Amino acid sequence: MQVNGKHYQTIWLENGTVFMIDQNKLPFSFEILQCHSWKETAAAISNMTVRGAGAIGAAAGFAMAQAFLEAPANSPDYLSEAQKQIEATRPTARDLFYASAEVFKSGDKISAVSRALELAAQNAEEGRMIGLHGHELIAEGTGLLTHCNAGWLAFVDYGSALAPVYESYRRGRRFTVFADETRPRSQGARLTAWELVNGNIPHYLIADNAAAYFMQQGRIQLVIVGTDRVAANGDVANKIGTLEKAIAAKTFGIPFYVAAPLSTFDLEANSGEDIPIEYRDAGELLFASGPCEDGTIETIRTAAPGTQALNPAFDVTPAEYITGFITSRGIIPAKAESIRKLFKNELKL
Ligand code: MRU
């Protein structure tokens with residue numbers, strides 16, 4: 001994706017160092033963070049310098065490759081310990097486990113680096129294909145709702161939910177995106193809005209609790225969201241708040257699509273009940289930070305001192321609320337049978 005006239009990917013690996021766009025600094029400043037060790041890369045996943053299912057999958061693959069590069073000789077447990085710590089950073093996104101396991105299996109330094117690079121390239125390609133399959137859902141004049149950030153920042157490139165948006169716009173269709181702010185970390189307000197401004201795509205940022213109102217008003221005709229993990233029965237884990245958007249969409253008869261890279265399907269999870277839900281620090285709800293007029297970053301309280309907060313980062317939307325999955329192989333119904341067929345001739349990713 002272009003930023004200030006230059007092509008960037010969200011994350012990349014060069015000579016053993018992981019480079020990533022610092023998403024905690026966006027949209028107020030555009031900075032690249034360098035992680036020189038697997039521990040630094042793992043920390044960047046935990047503190048959400050890099051976030052979004054696809055991007056953290058690539059980061060986990062790169063971190064695992066760095067662990068191979070750093071592993072001392074005669075230290076048999078080093079790599080499995082590194083894998084355990086990398087996987088503990090964020091438990092919900094399937095891509096993270098997929099990538100760390102794939103690189104772990106590769107067996108030596110050179111193969112580990114090349115497998116991690118291959119997975120990152122595959123991650124971008126999945127987004128590109130999702131765009132090619134999904135753009136036809138967006139008719140001229142559509143009001144399209146999206147939640148959180150499932151754009152190119154959430155992947156190595158292209159994105160998932162926003163890939164059809166970019167492709168449709170590139171083909172000359174005109175429509176309006178409604179981006180939920182996505183409390184408490186405001187990925188919609190900070191990241192999706194920044195991507196859409198950057199891509200000149202007409203959009204409105206809306207408050208998290210405004211989507212049902214705009215559906216009722218007839219301003220939204222389509223919902224596309226991303227996902228962190230899809231269970232075998234089609235239940236979907238995605239950013240907290242996705243479930244209530246799906247319930248509202250069903251109430252108003254609005255199609256609700258999930259853009260899902262193949263690496264996001266977890267066929268070992270029978271249903272959403274098998275998907276671990278990450279809880280994050282209550283401080284994300286109790287405080288907010290941003291730049292003052294002079295550019296210094298200030299943190300302010302947003303709630304009554306002394307209150308307790310609960311902060312689940314994801315929820316599970318049952319398959320019955322989902323119209324279909326936009327995948328790199330085409331659009332399929334959110335049904336166990338369709339998912340089984342999708343993987344029948346499983347391709348090596
Ligand atoms: O907590 P985040 O910002 O990593 O969560 C991101 C989302 O929930 C996205 O919608 C999701 O990863 C799917 S698209 C990559």
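Which helix gives the most to the lining of the second largest cavity? In this predicted model, that place belongs to H5, with four residues. The second largest cavity has a volume of about 110 Å³ and is lined by 12 residues, of which Asp 95, Tyr 98, Leu 119, Asn 123 and Ser 263 are the closest to its centre. At least two lining residues come from each of H2, helix H4 (94–105) and helix H5 (109–134). By class, this lining divides into five nonpolar, five polar and two charged residues.

In total, three cavities of 30 Å³ or more were counted.

The largest cavity is the space taken by the ligand. Helix H2 (53–70) and strand S11 (236–239) are the elements that give two or more residues to the shell around the ligand. This shell holds 19 residues, among which Arg 51, Arg 90, Gln 187, Asn 238 and Lys 239 come nearest.

A backbone N or O atom of Ala 53 lies at 2.9 Å from a ligand oxygen, while a polar side-chain atom of Asp 228 is placed 3.0 Å from a ligand oxygen. For Asn 238, a side-chain N or O atom is 2.8 Å from an oxygen atom of the ligand. Taken alone, the ligand exposes 410 Å², and the protein buries 100% of that area.

Key. Residues are numbered from 1 along each chain as its sequence is written. This is a predicted model: local features need pLDDT of at least 70, side-chain atom pairs count only at pLDDT 80 or more; totals for chains, interfaces and linings use all residues. Side-chain values use heavy atoms; hydrogens and water are left out. A residue is near a molecule or strand if one of its heavy atoms lies within 4 Å of it. A polar contact is a pair of N or O atoms within 3.5 Å; within protein, one must be able to donate a hydrogen and the other to accept it, and residues adjacent in sequence count only if both atoms are side-chain atoms. Accessible areas come from the Shrake-Rupley method with a 1.4 Å probe; for residues, only the protein chains shown count as cover. On a 1 Å grid over the protein atoms alone, a cavity is a set of points where a 1.4 Å probe fits but cannot get out, and a pocket is an open set with protein on both sides within 12 Å along at least five of seven lines; lining residues have an atom within 4 Å of a point. A molecule sits in a cavity or pocket if more than half of its atoms lie within 2 Å of its grid points. Grid points are joined across faces, edges and corners, and a volume is the space filled by probe spheres set on the points. Ala, Val, Leu, Ile, Met, Phe, Trp, Tyr, Cys and Pro count as nonpolar, Asp, Glu, Lys and Arg as charged, and the others, Gly among them, as polar.
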